[in-house]
Amino acid sequence: MKRFSNLNELPQSLFERQITISAKVLKVHPSYNLTVSHRPWLRSAWQPTNSTTQADLMKNTFYVRLVGCRPLGFENKTMNNEKTKYIESQILGRTVGVKLLSSEPTAAGGVVSYGPFRMQNLNANLLKDGWAHHEPSKLSAGYDEQWAILSDQARHHNKGLWGLLRSGTRRG
């Protein structure tokens, strides 16, 4: 299988059929975007080096926006650091599955699976553990009911950022 270098190389048919591709997570952004490099079956992903330029990154990686997840309001530097640390502990440097749901000018919208046999759903875990708020959309329609429950339970139990918000953490 060919390795797709960037978003422009991903065929539209992958999005239409909602195919899951393998990708290595190179960076986690606080806005629920991931920088990934496509990793075809039994082949390695592209890796940045010390001499990698921004142009190299743009040519060899693409962003994945986690559908159904919205950053919680009133975030500050402390909250962004905590959220980013949580996501990095789950997937940074690991190969994940990205179910491609949409292609946008700057990112692919998707659902990310990881862990043994890719049984963990990053989008759902962010909601369940209180690191995101559920944002229904056309793309997350098949998940909305379950994800809304997970998000409400996290808020009710003050998990993740909900706990930080309620503990009086001020804007940083």
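**Reading side-chain features**

Guide: Let us begin with charged pairs: a search of the whole structure finds five salt bridges. Please keep in mind that this is a predicted model.

Visitor: What distance separates the closest N and O atoms of arginine 65 and glutamate 104?

Guide: The general idea is a cut-off: a side-chain nitrogen of Lys or Arg must lie within 4 Å of a carboxyl oxygen of Asp or Glu. In this case the closest N and O atoms of arginine 65 and glutamate 104 are 2.4 Å apart, and the two residues form a salt bridge. The pair links distant parts of the chain, 39 residues apart: arginine 65 belongs to strand β3 (residues 62-66), while glutamate 104 is found in the loop between β5 and β6 (107-114).

Visitor: Which residue meets glutamate 135 in a salt bridge?

Guide: The partner is arginine 70, with an N to O distance of 3.9 Å. Here too distant parts of the chain are linked: glutamate 135 lies in the loop between β8 and α5, and arginine 70 in strand β4 (residues 69-70), 65 residues apart. Glutamate 135 is at 37% relative accessibility, so this residue counts as partly exposed. Arginine 70, with a relative accessible area of 35%, is partly exposed.

Visitor: Where do aspartate 152 and arginine 155 lie?

Guide: Both are in helix α5, three residues apart, which is about one turn of the helix.

Visitor: Over which ring does the charged end of arginine 155 sit?

Guide: It sits over the ring of tryptophan 162, 5.2 Å from the ring centre. Another case of this kind is lysine 83, which lies over the face of tyrosine 32 at 4.6 Å from the centre of the ring.

Visitor: Let us turn to aromatic pairs. How is such a pair described?

Guide: Two quantities describe a pair of aromatic rings: the distance of the centres and the angle of the planes. A search of the whole structure finds two aromatic pairs. Tyrosine 86 and tryptophan 131 form a stacked pair, with 5.3 Å from centre to centre and 20° between the planes. Tyrosine 86 lies in helix α3 (residues 77-91) and tryptophan 131 in the loop between α4 (122-128) and β8, so the pair ties together parts that are 45 residues apart in sequence. Both tyrosine 86 and tryptophan 131 are buried.

Visitor: Why is the pair of tyrosine 143 and tryptophan 147 classed as it is?

Guide: Planes under 30 degrees apart count as stacked. The planes of tyrosine 143 and tryptophan 147 are at 20°, with ring centres 4.6 Å apart, so this pair is stacked. Tryptophan 147 counts as buried because its relative accessibility is 1%.

Visitor: Is glycine 97 buried or exposed?

Guide: Buried is the class for residues under 20% relative accessible area. Glycine 97 is at 0% and therefore counts as buried. This glycine lies in strand β5 (residues 95-103). Leaving aside neighbours within four places in sequence, glycine 97 is in contact with Thr20, Ile21, Val111, Val112, Ser113 and Arg118.

Visitor: In which strand does leucine 34 lie?

Guide: Leucine 34 lies in strand β2 (residues 33-38). It is buried, with a relative accessible area of 2%. Beyond its neighbours within four places in sequence, its contacts include Phe62, Tyr63, Ile87, Val112 and Leu122.

Conventions:
Residues are numbered from 1 along each chain as its sequence is written. This is a predicted model: local features need pLDDT of at least 70, side-chain atom pairs count only at pLDDT 80 or more; totals for chains, interfaces and linings use all residues. Side-chain values use heavy atoms; hydrogens and water are left out. Helices (H or I, at least four residues) and strands (E, at least two) are DSSP runs, numbered from the N terminus. Buried means under 20% relative accessible area, exposed over 50%, partly exposed in between (1.4 Å probe, protein chains only). Contact means heavy atoms within 4.5 Å. Rings of Phe, Tyr and Trp (its six-membered ring) pair if their centres lie within 6.5 Å; planes under 30 degrees apart count as stacked, over 60 as edge-to-face and the rest as tilted. A charge sits over a ring if NZ of Lys or CZ of Arg is within 6 Å of the ring centre and within 35 degrees of the ring normal.
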